[in-house]
Amino acid sequence: MTGTIIENLSGRKLAVLMTFLLLCQITCFLIGGLVAPTPANANSILGTVCQDTSTVKNDTTKWFYNRGRGSCKSINLEDLHQDISEADIVFAFQMPIPRDSNTLDYSRWQQNLIGVLQFEIKYHSQMEVKPRSVVTIDARLAYQNKGDPEDEWKLYTQSIEKRHLDCYIHNDEYLYNCSAIPLFELGSLYHDFYLLNVRLPVDTPDMNTNIGHLQDLWLTVIHQNGGFTMVWVSLKTVFFPCIIAILVWFWRRIHMLQRKPVLLEKMLLCLGLALCLLNMPLEYLTLHFDLPFMLLLGDIRQGVFYAMLFSFWLIFAGEHMLIQDISAQSSLKQYWRHLSAVAMGCISLFIFDMCERGVQLRNPFYSIWVTDIGTNLALTFIILAGISTGVYFLFLCYMVWQVFKNISNKRQTLPTMCSVRRLHYEGIIYRFKFLMLATLLCAALTVIGFILGQVAEGQWKWDENIEIEYTSAFFTGVYGMWNIYIFALLVLYAPSHKRWAVTENTSDTQNLSEEIEFNGIPSETSSEISSLTSYIRKVNID
Amino acid sequence: MASSSVFRFLILLAALVWIVATEDGRRRREPWTNGSWFTMGLVEFEKWSNQTELFSDKSRMCSRIRGLTPGQRRVCRRHKDHMPAVAVGVKNGITECQHQFRDRRWNCTVTTDDTVFGPLTFIASRETAFTHAITAAGVSLSVSRACRDGRLASCGCSRAARPRNLHNEWVWGGCGDNLEYGYKFTEGFVDIRERERKVKRGSREQGRQLMNRHNNEAGRRAVIKKSRVTCKCHGVSGSCSLITCWQQLASLREIGDYLRDKYDGATEVKVSRRGKLRLSNPHYSLPTAQDLVYLEDSPNYCVKNSSLGSLGTTGRVCNRTSAGIDGCALLCCGRGYNTKRTTVRERCGCKFHWCCHVRCNTCVKTTEIYTCK
């Protein structure tokens, strides 16, 4: 008779293991809170208004910047210039901006770059800016590397984009309050310096007419912090060999058995493989190669992992359903209804991601939210994913509820058994519930941490000098938690090799007596995942 | 022998008297606690900034700016390139002050001498409190803005005063917000005036120093208070699992509106013997760091009094229909008003064309202008 390790583990060993895992968890949290900086940082850059004196405006070799040799002639937009046309005006953003009299450059550890535009529009009572007016932006992005001549910028990408400009005003203010416009997302920060040139063309009579008296253009660039990437990649580097080792150990243990692996063991293996994929420290490659698809790949890796985790929970609950007729080997086909909810959600999110970040591989300025069709399409996929998640959780809750109902039903028959066996069964039920509790705890902690993070970010103020980086702690904490959770699952749900007959050396004398009782049960030869199911069957036979 | 020694003594005495007299005169001309550094707002830095050698180490720009104390000169020498931004900040502050007080009896009039606001700066009144707050706010805002342009290369990076290895710090944790830098620089540059001179504890001068520091702080805090936090979600698939927020600078108009409310609710304080500011009336509520405080009552701005710096309201334009402070009854202090009918041509129905053209119609309007007697 074989069970899983969790059933054969003594209470003390379980406690030691749990304490160890808890310590690992706390370490992960503290690393994020005390070592890592905030995950990302934003810098605001005020656009320099350059005057383009050339006659050919479509020349992409001509760049405008405000620092270094060949910098442009800047003008002040507050005064009106009657002699200048809109095609002559270029907003130049040179990033990163220098600090402490030093020229800074982007490091590849900073991973990605997101640009957000903000318009500062002066209020005039006679020319009001309507909400949701469309602004057309001619954006060109160039790059330069250390060692290049100061006036040599190479074209990275260019595009003419439309964006919605949402401005409103409270009675008699001086400036409109305009919403930020997401402009670009670079999946890789391969080069050292970047330069963005923005023009607001008026090619047709109704283009850029309702944008009012634009005074300033701000660009906020968000990059991941190098320190956070380092801590993150180090965590992955530590977790990756661990998960590989545990997976190898788990698979060897299953192969040493006489029987074929059951569904739950296969699911555990798949879950482990998904975690492997998530833990693979691919970020090292970005330090040497230009890999703009890293953002998309990161999304896919997380998606695969969560899909596997959700499917595992369903099947875990299903396999412990205790509704008998388990003569046949259970297979994935039994769960197709439940799993289709997971698949549906994942596929919709994947399509949405491909439409947004997939297209951004070709054009970093692309946004699906600009056109009405795009917005509807994106919303459709997001709502579909939301519905699937709702359906999934309904299924899961129903199944868990059924498991608990079955357990409490069977428990009523417990007092009729002899005391040794009863203690053993109670222990099994306790441990099963313990793991359910652990899952719930992990899920609840993730959700609570996430909500707290949102609240904390919403009330963000710089002068509250907090030493602990909450957001980083949340990320490393949650990441570590799910890793440890899966490590624990793989270890505790691996088949036990402890033969009941040869457990003389164990300190637990109860096991010995139980083993004798168990030997008389005829159903033991069938393959089973846990002795809980065997116990149910035995009760049926009784 | 005796006569020569008496003569020597007389000369010595005369010299002493002269020294004391000139010392007195100097002090009257440039006391420590007046707002004379506001002259920076009147300096035409645009003309200076064409000279590239202006910010070089050898440039004597800082000694050319009048009204700076020795401590401020030190800061100036260390951050020469910040000075145009400071000047713009002071200038914007003064303009904003004039906008906020355009309808009041005191309308933030600027004199041409070194004191900028005239003899009014010697009175620790509400109005002085406001001028300190608005200029501090203007400088703080202007420095923050100049940093974000990227042309002011010496702006700080992190919370630490000067990181040991800037490049590593930047890669590790990025650079902090410039709003913070503007706040800190202004604190260092403006408040140093009130700190560098030791005065008798509990004296009027110390009270003035404390008041100025409090009001400067209120101005700087107003910049932060009115800045808007904008956030961007950029987590998995663009979800809000990861949010980054930043401070968006407010316009000086919003800050001015906020500070004028603070001016209306300013608290009168007195200086205690221990050298702390105390409420003059214990029934008032305690002022916070965002509130303005003053020590002395304002002079009567209704009548012209050149020794106090009051110009009087004679000749000011008032609003006949308003019952508020800009109404003729209040603004003219009950002296009545003159009515004048004029025809004005003004632009109306304007349409703005990006980037640089405004097309307007001209309207002819007949209006009545009321001026105080």
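Leu34(A) is exposed, because its relative accessibility is 59%; exposed means over 50% relative accessible area, buried under 20%, and partly exposed in between (1.4 Å probe, protein chains only). This is a predicted model, in which local features need pLDDT of at least 70 and side-chain atom pairs count only at pLDDT 80 or more, while totals for chains, interfaces and linings use all residues. Residues are numbered from 1 along each chain as its sequence is written, chains are lettered from A and ligands numbered from 1 in the order in which they are written, and side-chain values use heavy atoms, with hydrogens and water left out.

Leu34(A) belongs to helix 2 of chain A. Helices (H or I, at least four residues) and strands (E, at least two) are DSSP runs, numbered from the N terminus. Helix 2 covers residues 11-35, and its 25 residues should span 36 Å at 1.5 Å a residue, which agrees with the 35 Å between its end C-alpha atoms. That expected span is 1.5 Å times one less than the number of residues.

Which residues of helix 2 of chain A are buried? They are Leu14(A), Leu21(A), Gln25(A), Cys28(A), Gly32(A) and Gly33(A).

**A loop in chain A**

Next comes the loop between strand 3 (89-95) and strand 4 (113-122) of chain A, where Pro96(A) sits. The peptide bond from Met95(A) to Pro96(A) is cis, with omega near -5°. Neither is a glycine, yet each has a positive phi:

| Residue | Phi |
|---|---|
| Ser101(A) | about 60° |
| Gln111(A) | about 65° |

Gln111(A) counts as buried because its relative accessible area is 11%.

**A glutamine in chain B**

Finally, Gln247(B) is part of strand 2 (residues 243-248) of chain B. Gln247(B) is buried, since its relative accessible area is 2%.
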